[in-house]
Amino acid sequence: MSQGKPTDPNIKAEIVTKIRDGGMSVADASATYGVSSKSIYTWLRDGVVDGNRNLILENNKLKKELEIAYRILGKLTAESKASKD
């Protein structure tokens, strides 16, 4: 099995932080930084102790869902205000 070029530790830390704290998806990070999703999942797993990995991934999923809900709510509010005018 061949290995790709090593990723700069600063970039790796940036990617992990954006996924864990910023709610970026692994797929988005993979596309943005040109790194395989398998590598990113490995970094996420390596940096987590006691099985908190599932909690972090679930938290990111919930952040994305909340963001979508806010967008929908904003559109519905705007439509509601427009229909009243």
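1. Some ground rules come first. Because this is a predicted model, local features need pLDDT of at least 70 and side-chain atom pairs count only at pLDDT 80 or more, while totals for chains, interfaces and linings use all residues. Residues are numbered from 1 along each chain as its sequence is written, and side-chain values use heavy atoms, with hydrogens and water left out.

2. The protein chain has 4 helices and 0 strands, so that its pattern, read along the sequence, is α-α-α-α. Helices (H or I, at least four residues) and strands (E, at least two) are DSSP runs, numbered from the N terminus. Of the contacts with a separation of 6 or more, 47% are between residues 24 or more positions apart, where contact means heavy atoms within 4.5 Å.

3. Buried residues make up 18% of the 85 residues in the protein chain; here buried means under 20% relative accessible area, exposed over 50%, and partly exposed in between (1.4 Å probe, protein chains only). The largest nonpolar core has 10 residues in all, among them Ile 15, Val 16, Met 24, Trp 43 and Leu 44. Helix 1, helix 2 and helix 3 (37-46) each supply at least two residues of this core. Such a core is a set of buried Ala, Val, Leu, Ile, Met, Phe, Trp, Tyr and Cys residues joined through side-chain atoms within 4.5 Å.

4. Two residues show how parts of the chain meet. Leu 44, a member of the core, touches Val 16, Ile 19, Arg 20, Val 26 and Leu 57, when residues up to four places away in sequence are not counted. Asn 60 is placed in helix 4 (residues 53-84), and this residue is buried, with a relative accessible area of 6%. Leaving aside neighbours within four places in sequence, Asn 60 is in contact with Ile 19, Arg 20 and Gly 23.

5. Side chains of opposite charge can pair when their charged atoms come close. A search of the whole structure finds 3 salt bridges, each being a side-chain nitrogen of Lys or Arg within 4 Å of a carboxyl oxygen of Asp or Glu. Lys 18 and Glu 14 meet in one of them (3.5 Å, N to O), and both lie in helix 1 (residues 9-20), 4 residues apart, about one turn of the helix. Arg 71 and Glu 67 form another (2.2 Å, N to O), and this pair lies in helix 4, also 4 residues apart, about one turn of the helix.

6. In the salt bridge of Lys 64 with Asp 28, the closest N and O atoms are 3.9 Å apart. This pair links distant parts of the chain, with Lys 64 in helix 4 and Asp 28 in helix 2 (residues 26-33), 36 residues apart. Lys 64 is partly exposed, with a relative accessible area of 30%, and Asp 28 is partly exposed at 37%.

7. On the surface, Leu 66, Tyr 70 and Leu 73 form a nonpolar patch with about 330 Å² of accessible area together. Patches are made of residues with over 30% relative accessible area and no salt bridge, like charges being joined within 9 Å and nonpolar side chains (Val, Leu, Ile, Met, Phe, Trp, Tyr) within 5 Å. Leu 66 lies in helix 4 and is partly exposed, with a relative accessible area of 45%. The protein chain exposes about 6600 Å², of which carbon and sulfur atoms supply 55%; accessible areas come from the Shrake-Rupley method with a 1.4 Å probe, and for residues only the protein chains shown count as cover.
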